Amino acid sequence: MLRPLCRSLSRQRRLFHSSGATRQEASHAAIETQEDEDNLQDLLRRKRKTEWKRRQGGQTFLDNLIINVRGGNGGDGCVAFHREKWKPMGPPSGGSGGRGGDVYILPTPNLTSLSSIPKRMRGGAGGNGQGTWQNGKNAPPTIIKVPLGTVIRELLPGDSRRAKDEWEAEEESLEGLNPEERRAKLRDDRWVHYPRYADDNVNRDVFKQAEAALYREERARRWARKQRLLAPINLDLDKTEEVVISDDAPLGMGQHEWLGHIVARGGNGGLGNPHFLSPVSRSPKFATRGHEGERLTLYLELKILADIGLVGMPNAGKSTLLRALTGGRAKTEVAGYAFTTLNPIVGVIRVAEDGTFEGALQGEHVFEETAIEEERLRERELSDIENLEEQLRLEDSSPDSPRPDIEPGHDFDVHETFRFTVADNPGLISGSSENVGLGHSFLRSMERSLALVYVVDLSRPEPWDELRDLKDELEKYQPGMSDKAHMVIANKADLLGGEGDQDAVEEAREKLRRLEEYVKTEMIVKTPDGERILDVIPTSAKMSQNLKKVVVLMQKYVQQARTDKV
């Protein structure tokens, strides 16, 4: 009798081990399957990102965009009846649907381009109602973050770029249907019926009365939508706002974060069947569906917010000038051909009390073309380690050299008394006001600048002709825009004078005098206080020469413009 028992125990032990091994193999297989799915998702994510970059064409800057915005749809109401022990025929208990999410636009100072904004934005849908009087969840708001300086306009009916709104889209879906099919589709889009009671509901008087009330409400919503088109969205997002709680507010009052400007409202949720309870209808077997959210098309236009805007022809040295003013921190493309700069680039200039600016303390004094500097950087990285160690040893053994009073970086924070921004923009050519070349992409970013500075190439035969073309294009694009000009920077002055020959130096001085005379006679700016003559400053951005005077004058212009604006 013992032998069969032992045999059965051993068999059970083998079965246990085999089942344990099977479970272990299954768990390993599940883990491998999950890893494969994660890898596949990661691969698809990278593929989508690569495809998006390919469609961008290598351009990460975008200053105008058309987006279609939809508020979230409301959740559907529920048709249900309460059931519990000893109550087989309970009252209607269907919950109402949640409200669809609103869509807001929030200006953000951290963004500098519209390229991160999708062309279609839709708010979240509200949750559907459920039994036992459970209402659906309201959808959270959807926030579209845009850079400061973005102008938003709503496209009106008649514009070919505009998408259909919620009512026009419904009319389009009903095209080609006969009256019976049209009525059936309208009811299907608006009503939820208890199972197997759809045909019975439409013949009841209470349903017909509810349907008439629903259409009256829709007519009111259509009228309100048309009235809103009389005052379309037109926002100028040039500053951020904060929610300020009064000191007299009750204790414990929560502080709500500012979500931005609402542009599309979500639809209301549908009503559950308890809302249709009446003395003559004790068990309504229908509910309404949620409303669609608002649909609209917005045109976004980014106008760079910079205190100083550099205006010049292609290859006039604007990018090199911005790099010299920021000590090389502004990563602009510098090359010997036209239209090197394709997108506006903004640099920050920090100034101390004595007029010293941080860019002059960075240690870089000669700014070459980007390709040459990158080659030098590679050679520096590949330099011999032994020489570096020897240099460090000599520095350690040498006596401490006196440190300058002001150093760039965090040390400059103590000495900083003023800061302003300078924008390097794409080159302007004749016909830019008619969108020739980079045209409006350049001029659009200049509208918000507090002051404009002309940059001309002094080494060219007749730099005053460039000034005339620049002023004319600014006036053609926007009358009075050239009145913001305060200074003319005669760049590349180091190319004149040859090797110090007296005749060449005298010729360079004569060209500068002629340029100053042209500015005094032809570039006069009329102001409410009289007339203003532009300052003419010869500089060499490449060699970092005469830049302190430029920064001091720019600081004066910005301070005056900010005071006048206030």
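A residue is called buried here when its relative accessible area is under 20%, exposed when over 50% and partly exposed in between, with a 1.4 Å probe and protein chains only. This is a predicted model, in which local features need pLDDT of at least 70, side-chain atom pairs count only at pLDDT 80 or more, and totals for chains, interfaces and linings use all residues. Residues are numbered from 1 along each chain as its sequence is written, and side-chain values use heavy atoms, with hydrogens and water left out.

Helices are DSSP runs (H or I, at least four residues), numbered from the N terminus; three of them are described below.

| Helix | Residues |
|---|---|
| α3 | 179–190 |
| α5 | 205–229 |
| α6 | 318–325 |

Helix α6 is mostly covered, since eight of its eight residues are buried. One of them, A324, counts as buried because its relative accessibility is 3%, and between the C-alpha atoms of A324 and S540 there are 9.4 Å in space, although the two lie 216 residues apart in sequence. Just after α6, G327 takes a positive phi of about 70°.

Helix α5, with 25 residues, reaches 37 Å from its first C-alpha to its last, close to the 36 Å expected at 1.5 Å a residue, where the expected span is 1.5 Å times one less than the number of residues. Its buried residues include V206, A210 and R225.

The axes of α3 and α5 (lines fitted to C-alpha atoms over the stretch in contact) are 12 Å apart and meet at an angle of about 85°, so the two helices are roughly perpendicular (65 to 115 degrees). Their contact, meaning heavy atoms within 4.5 Å, is made by L186, R187 and R190 of α3 together with F207, E211, L214, Y215 and E218 of α5.

Conventions:
Axes are lines fitted to C-alpha atoms, for helices over the stretch in contact, and angles run from 0 to 180 degrees between N-to-C directions. Angles under 35 degrees count as roughly parallel, over 145 as roughly antiparallel, 65 to 115 as roughly perpendicular and the rest as oblique.
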